[in-house]
Structures are given as structure tokens and as C-alpha cells.
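The exercises below are to be worked with the sequence and the coordinates at hand. Each task is followed by a solution in steps.

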Amino acid sequence: MNRLILAAAALAALTLGAQAQSYKIATEGSYPPYNFTDDSGKLGGYDVDVGTEMCKRAGVECSFIVNDWDSIIPNLLAGNYDAIMDDMSITDERKKTIAFTDPYFPPDPSTFLTLADKKVDYANIKGMKLGAQKATIQANYLESNLKDGNTILTYDTQDQEMADLNAGNLDIIFLDGSVVGEAVSASGGKLKADGPEILIGDGVGVGMRQTDTELTKKFNTALQSMKDDGTLDGLITKYFPDKKGGPFYKK
Amino acid sequence: MLVDILPQGLKDFLGQDLVFWLGYISNGKHLNWYASVQYTLAAMVLGAAIALVVGLVAAAARSNGPLPLRWFAAAYINIVRGVPDVLFFLFFPLAFEQAVEWVYSFQVCTPETLALNAGRWPPCDAANISFSSFGYLILASVSLGLVYGAFVASVIAGALRAVPAGQLEAARAYGMTRMQVLRRVHIRQMWVYALPGIANVWMSIVKATSLLSLLQILDFVAWAQRLGAANFSRAAGLVHDDWRWRYYFVLLVFYILVTFVSEKIFGAIGRRLRRGMPLAEQNAT
Amino acid sequence: MTALDVLIGEVVRMAPAALFNIYFAVAAIPAGFGFAILLALGKNSPNQIVNRLSRAYIYFFRGSPFFIQLFAFYSLVLAFNLSTWKPLGIDGFVLHPLFLGPAILALNTTAYTAEIFYGALITVPRGEVEAARAYGMSRRQRFWSVTWPNLIRIAWPAYTNEVVFLFQATALVYFTLPVIGDQRDLMNLAEVLFQRDYNVFLHFGVAAGYFLVISFAIFYLFGLIYRRLMRHLPQERRLKFSWRRVQGLS
């Protein structure tokens with residue numbers, strides 16, 4: 001009986017092994033402009049373009065797969081894929097469980113987003129309904145800084161919190177500054193970015209398993225060459241036309 | 001895009017707006033959505049087939065098996081049914097994956113690699129196993145089968161008891177052996193009594209397939225959510241508000257349609273099964 | 001730390017979460033029960049409009065997954081926020097998961113319960129109702145003193161089953177509705193804990209244990225009520241009431 005199970009497991013491993021060496025990168029596919037599913041049904045966005053070019057330069061084959069944000073680190077550790085590219089900020093908290101490559105997007109201040117007619121005293125936020133996406137740096141920040149006197153709601157996806165903000169079920173949402181620009185301009189004056197910008201995290205990196213040091217090195221070399229020849233800056237300008245302060249990486 | 005192949009005359013007749021919306025609901029993202037019905041349907045059919053087999057085996061073990069097996073079957077039926085389907089549905093694929101990794105780790109892990117990963121999972125990196133989304137679809141169907149197999153088991157156990165004793169006695173009087181009575185009379189007549197219950201379990205399985213997206217399978221529900229979510233990025237396509245309720249409405253209609261068609265089919269099967277069985281016709285509801 | 005300590009620690013940690021599931025069920029049951037009586041009568045009504053509407057309601061909620069109903073109703077209620085709930089000043093209440101969760105559960109269980117009550121209603125012995133009419137009882141009197149006691153006795157085992165299912169359906173609420181602070185139910189907490197250490201057997205096992213124990217408690221409680229309902233009948237005429245029988249779907 002035991003041998004039978006072993007044989008089955010070995011067989012499973014064999015068939016899996018045959019597909020290996022091509023790496024899988026997980027992304028949410030619903031976090032524009034970092035990653036999204038476009039109208040033709042294909043994955044696109046900054047994460048996807050950077051990842052594709054990075055793999056090409058590292059000489060490895062990569063494919064993108066879709067995974068929900070809140071289980072994206074557990075499923076990396078469980079081995080369902082080999083890397084995460086989903087606007088994931090490098091933080092000490094996350095470094096306890098996973099490793100990161102060098103950043104491929106500069107540190108991005110987080111911003112508050114409210115309805116345009118809303119007036120908020122950001123030095124003293126009280127009695128507000130605050131929203132953030134589950135398991136993000138912003139959710140952590142709200143939890144540790146603005147918990148008292150406010151109600152904090154967490155959502156599975158970014159579009160859910162946006163919907164609740166638009167419908168008036170939230171007073172403020174707190175999210176990555178680089179995402180806000182397009183959201184505000186598409187809202188036609190309904191939304192505004194507001195309040196202080198708060199810097200959390202050390203830029204955006206590719207999430208890796210701590211044991212995959214070889215692959216992390218390869219990716220780092222590839223990213224460095226993209227930084228040096230201006231490819232990365234080009235992609236930043238393409239997806240984040242509002243982002244000021246470039247060039248970010250080219251010397 | 002699909003609308004591009006329409007002749008210009010037809011486009012003029014339909015008008016610009018209609019052509020635009022036809023184009024929108026036939027774009028690649030929508031086509032992915034329609035195609036993803038296959039995962040939902042596959043999980044329904046596969047899950048139901050597994051549930052039927054598991055249910056038959058468990059019902060047989062519960063009523064005729066040796067003592068430990070009987071207890072095991074009873075425990076399975078009662079425990080699975082005392083727990084929400086979603087919990088077992090999420091638990092089983094994870095537990096299965098970990099069990100395979102655990103067994104596998106005895107082969108591939110060395111004491112050094114085990115020490116490296118101490119207190120973490122998997123036991124060592126080499127023992128890491130991952131399934132493709134196809135693998136998860138199979139696992140999801142198996143968990144559906146295991147959950148609803150417990151329901152099938154009690155339906156069948158009840159149906160076996162419902163077959164009139166006179167029918168079995170008459171079969172024995174004809175000189176049939178025990179096995180013959182069981183196969184030719186008892187089990188055959190059992191289906192008539194089991195059918196309403198089995199139809200109910202099928203409906204439950206149909207509805208439970210809405211949970212597939214929780215296992216990261218891009219099914220009919222997951223695509224609907226993606227399509228309905230507000231989009232503010234021009235790079236991602238048409239910029240629009242929150243349209244989720246429209247897509248949820250389609251999902252509700254889809255499931256009600258499946259239920260409706262299933263009802264009709266089970267009704268037809270029931271009428272066929274009951275032919276020439278006046279007794280069953282009275283009792284069937 | 002022994003395995004037992006870990007287990008006890010987990011049981012203690014999950015106890016507050018279990019209260020959320022119990023609250024959802026307890027808040028949804030009375031409303032579902034009341035509306036179901038009306039709806040069952042509606043399905044039995046000779047008035048074509050009432051009849052059709054009742055049937056459509058029951059068909060809609062029984063024919064579609066509760067999981068999608070949660071999503072659909074949340075986005076629907078949200079869509080009315082600025083136009084309706086805000087001006088009335090009840091938006092914080094209406095959109096609160098602790099209100100909306102039980103509300104959608106109640107809508108759902110109303111349909112399932114109504115179907116059970118309707119099934120019982122049409123099997124109430126005719127003779128008893130006719131006898132009551134012969135005594136000159138009014139319609140209302142006939143219903144509450146003859147039809148209803150019969151109906152609830154016939155329906156009780158199946159209704160018990162529905163309550164257990166309703167309790168289990170509470171596991172889906174926080175998959176859909178926003179989570180406020182640390183207000184997590186069993187399923188949500190089990191997932192969060194699992195994502196920290198991947199111990200699927202401990203976290204999901206203990207959550208499953210809670211569901212199992214509470215399901216049995218519901219069953220026991222409803223069994224006691226059933227015995228009270230049947231106390232006037234001679235022993236042999238009482239329907240058998242067992243876990244297996246109650247869970248029978250047919």
C-alpha cells in the first residue's frame with residue numbers, strides 16, 4: 001500500500017518535473033496600471049511587461065498566471081508558482097517569509113482617495129470609514145495608526161473598495177499613489193487624491209522564495225541591465241505618465 | 001474583433017451604438033468568460049459522477065460492510081454533512097497536496113534539507129509539489145464528490161429501505177439467489193425511490209460549483225467579477241463604472257437555467273423509471 | 001508545547017469567531033420563519049398573482065447559489081446607497097455586514113423554508129380542516145388551531161435540516177462582504193490563520209469541529225422541541241427523529 005502511494009507520488013513528481021524549468025509568475029490581473037486583463041482577454045500592464053522583458057534577458061522561459069492578492073504569498077510558498085509580480089512593496093514584514101529582487105519600481109508614496117466634495121482634516125482623522133485592500137501595506141498602516149475612533153474595512157480586491165468609495169460606503173480609501181492618477185482622471189471629477197502622501201516600503205520588487213537564490217540573482221542581473229539601458233524608465237513613462245522625478249534608474 | 005466580419009449593410013442597419021455593444025460583449029475578455037463555462041460544467045458533471053460512486057460505496061459499506069468499515073462509513077457520512085461544503089471544499093485540495101508532499105518528502109529530502117525548512121512547509125524544497133489549474137479542477141471536483149457523496153449515501157440507504165419487502169420476497173420465491181435479488185430487483189427498484197433525493201443532491205452540486213473561483217480557478221464566476229469590476233485604466237480597455245450587478249444577474253440566470261433544465265431532465269427520467277410500477281407512482285413525490 | 005496545548009489554544013482562539021456564525025444564523029432564523037409562512041400560504045393561494053409571485057420567489061432563491069446571491073445583493077444594496085440609504089441616514093446600518101449578512105441569509109432561507117412549509121401544508125389531513133369548518137370556525141381560527149399545528153409537526157424534521165444548512169451557509173458571508181476590523185467568522189479566521197503557517201489540519205480542523213458541534217447542538221435543540229410538539233401522540237405514532245433521518249434530503 002505504502003509503495004503504491006510512493007509510486008503515485010513519484011509519478012506525479014515526474015509529470016510535474018517534465019514541465020519544470022519554465023517559470024510561473026503570479027499576478028492579480030486586476031490592479032491597473034500594474035497588471036490587468038485587457039479587453040482582448042490578455043494579461044497586460046507594467047508588471048507583465050517588466051516581467052516578460054526580465055525573463056527574456058535572464059534567459060529563462062516565463063509565463064504569467066492569475067492568483068488572488070490575499071493568497072498570493074501563501075501560494076508562492078506552497079510552490080504553485082515561482083515569483084510574484086503584483087506591485088508588491090518590499091517591507092521588513094514580508095521579508096520574514098519571502099525574498100525580494102532589487103526594486104523595479106521606485107518607492108511609491110501611498111495616497112488617500114475621497115469623493116471630491118469631502119473635506120477631511122488629515123491631521124486628525126476621527127469617526128471615518130476607512131478602506132484598504134486586505135493584506136496590503138496600506139491595510140497594515142490603517143490598522144496600526146488610525147484604528148482608534150475609526151472603522152476600518154478591508155476588501156479582497158481593489159475594485160471592491162473603489163466601488164464602495166464611489167457608492168459612499170467609505171469616506172476614504174488608502175492606496176498606492178501610482179494607481180490613483182488614472183482613477184481620479186477617469187472619475188470625471190468625482191474623486192480626488194487628498195491629504196498627505198505617506199511613504200511605506202522600499203519600492204516594488206519581485207517576490208521570490210527565500211531558497212531560490214539562484215533565480216533571484218538572475219532576475220537581479222536582468223533588472224539591472226534594464227535599468228542601465230533605460231528600458232525600465234521607458235516602461236514607467238508608458239504606464240505612469242503622471243509620475244514625476246524621472247529618470248528613475250538610468251544614470 | 002468579431003463584429004468586424006459583419007457586412008457594412010448590416011452594421012448600418014443596427015446602428016453605431018448597437019454595433020459597439022455587440023463588439024464589446026464579443027471581445028476577447030468576454031469570449032474568455034463564455035469559454036470558462038466549460039470549467040463550471042466539467043466540475044458539475046465530474047463532481048456528480050464521483051458523488052454517485054462514493055455514495056453507492058458508502059451506502060453499501062454502511063449497511064453491509066464489516067463492522068469497522070460500517071463505522072467508518074457512518075463517521076464519514078455524519079462528519080462531512082455536519083460541516084459547510086465550502087470548508088471541506090477548500091480543505092480537501094490543500095490537505096491532499098500536503099499529504100502527497102509529506103509522503104514524497106521521505107524520498108527526496110535529506111536530513112540537511114529537512115533541517116533547513118524546519119517548522120515550515122513543505123518539509124524540504126525538493127518535496128514541493130504544485131498542481132496546474134487543471135489539477136485543481138480535478139481536485140475541486142473530487143472534493144465536491146466527497147462532500148455530496150455523503151448526501152447520496154443517505155439518499156440511497158433510505159431508498160434501499162423503501163423498496164417494499166413483498167417485491168424482494170417475491171423475487172426470492174422465484175428462486176433467485178441473494179445476489180440476483182440484490183442486483184435484479186432491490187437495486188433496480190431502489191433508483192425509483194432514490195431519484196428525487198439524487199435530483200436534490202445534483203441541484204446542490206450545481207450551486208456549489210459557484211465556489212470554484214475560491215480555488216483560484218478562473219471559472220464562470222471569476223470572469224464575471226473581472227468583467228463587472230469598474231475599470232479606470234485606458235490601457236486595460238473600455239473605461240466604465242461598477243457594472244458588477246449586471247454580470248451577477250447573468251450568473252443568477254445561468255444557474256437558474258441549469259436548475260430548470262435539470263428539473264425537466266430528472267422529471268423525464270422519473271417518468272421512465274416509474275413505468276409499470278404502480279406502487280412507486282403513488283409514493284413518488 | 002504539546003499537541004494538546006496547541007489544540008486547546010486554537011479552540012480558544014476561534015471561540016469568538018464562532019459567535020459570528022451563531023449570530024448570523026440566530027438573526028436570520030426568526031425572519032426567515034415568519035416570511036416563510038406567508039410565502040407558503042402565497043404559493044397555495046388561489047389568487048393567480050400572489051401564487052405566481054410566491055412561486056417565482058421560491059424558484060429564484062432555491063435555483064441559484066447563495067454565494068452569488070450574496071455578491072449580487074451586496075452590489076445591489078450598494079447601488080442604492082447615495083440615492084436612498086444616505087438621505088435616510090441609515091447607510092451605516094444597511095451596509096453593515098452584521099445587518100446585511102443575516103438579511104441576505106433570511107431572504108434565502110425564507111425560500112427554502114417556504115417550500116418545506118408548502119409541502120407540509122398540502123399534506124395536512126383534509127378531514128381535520130373540514131371538521132373545523134363544520135364547527136363554524138373562521139378561516140383564521142381554522143389556520144391557527146388546525147392547519148398550523150399539523151403543518152409544523154409535519155415540517156419540523158425538514159425544517160431542522162434547513163436550519164442546519166442555514167448555519168453552515170453562514171461560512172460564506174465573509175467571502176463576499178467587507179471585513180470590519182477583527183470581526184471574523186470561523187471560515188475567515190481559519191483562512192487567515194492558515195495563511196500564516198499552512199497548518200491546514202489544525203485551523204480547518206478546529207473550524208470544522210465548531211461547525212459540527214454547533215450543528216449537532218441545533219439538532220439536539222430542535223429534537224427537544226419536536227418531542228414537545230408530538231407529546232400528545234401515542235408513542236408509536238410519533239415520527240422517528242434521528243440525525244440520519246433529519247439530514248435525509250428527500
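**Exercise 1: A helix pair in chain B**

In this predicted model, residues B:Gln167, B:Leu168, B:Ala171 and B:Arg172 of α9(B) meet B:Val181, B:Val185, B:His186 and B:Gln189 of α10(B). Task: determine the class composition of this contact and the relative orientation of α9(B) and α10(B).

Solution. 

Step 1. Sorted by class, the contact of α9(B) with α10(B) comprises 4 nonpolar, 3 polar and 1 charged residues.

Step 2. Helix α9 covers residues 165-173 of chain B and helix α10 covers residues 178-208; their axes come within 10 Å and cross at roughly 160°.

Step 3. Angles over 145 degrees count as roughly antiparallel, and α9(B) is therefore roughly antiparallel to α10(B).

Step 4. The handedness of the crossing of α9(B) and α10(B) is right-handed.

**Exercise 2: A helix pair in chain C**

Solution. 

Step 1. Helix α6 spans residues 97-121 of chain C; α2(C) packs with it at an angle of about 115°, and the axes are 8 Å apart.

Step 2. The crossing of α2(C) and α6(C) is left-handed.

Step 3. On α2(C), the contact is made by C:Tyr57, C:Ile58, C:Phe61 and C:Arg62; on α6(C), by C:Leu107, C:Asn108, C:Ala111, C:Tyr112, C:Ala114 and C:Glu115. These residues divide into 7 nonpolar, 1 polar and 2 charged.

**Exercise 3: The side of chain C that touches chain B**

Task: state how many residues of chain C and of chain B are in contact, and which helix of chain C gives the most to that side.

Solution. 

Step 1. The contact joins 32 residues of chain C to 36 residues of chain B.

Step 2. On chain C, at least two residues each come from α2 (48-63), α3 (66-79), α11 (200-229) and α12 (243-247).

Step 3. The helix that gives the most is α11(C), with 9 residues.

Step 4. By class, this side of chain C has 23 nonpolar, 8 polar and 1 charged residues.

**Exercise 4: The side of chain B that touches chain A**

Task: describe the part of chain B that is in contact with chain A, by element and by residue class.

Solution. 

Step 1. In this contact, 26 residues of chain B face 34 residues of chain A.

Step 2. The elements of chain B that give two or more residues are α3 (28-35) and α6 (85-108).

Step 3. The class division on chain B is 13 nonpolar, 9 polar and 4 charged.

**Exercise 5: Chain A and one of its residues**

Task: decide whether chain A is as compact as a globular protein of its length, and whether A:Ile73 is buried, partly exposed or exposed.

Solution. 

Step 1. Chain A contains 9 helices and 13 strands. Its radius of gyration is 20 Å, close to the 18 Å that the globule rule gives for 251 residues, so chain A is as compact as a globular protein of that length.

Step 2. The C-alpha atoms of chain A fill a box of roughly 65 × 50 × 35 Å along the principal axes, and 45% of the 251 residues count as buried.

Step 3. A:Ile73 lies in helix α3 (residues 72-77) of chain A. Burial requires 20 or more neighbours; A:Ile73 has 19 C-beta neighbours inside 10 Å and so counts as partly exposed.

Step 4. Apart from neighbours within four places in sequence, A:Ile73 is in contact with A:Thr97, A:Ile98 and A:Gly207.

Technical notes
Residues numbered from 1 in each chain as written. Chains lettered and ligands numbered in written order. Predicted model: local features only at pLDDT ≥ 70, side-chain atom pairs only at ≥ 80, totals over all residues. Contact = placed C-beta atoms within 7 Å. Helix = DSSP H or I, 4+ residues; strand = E, 2+ residues; numbered from the N terminus. Nonpolar A, V, L, I, M, F, W, Y, C, P; charged D, E, K, R; others polar. Rg over C-alpha atoms; globule rule 2.2 N^0.38 Å. Buried ≥ 20, exposed ≤ 12 C-beta atoms within 10 Å, placed from the backbone. Axes fitted to C-alpha atoms, helices over the stretch in contact; angles between N-to-C directions. Parallel < 35°, antiparallel > 145°, perpendicular 65-115°, else oblique. Left-handed = near helix turned anticlockwise from the far one by under 90°.
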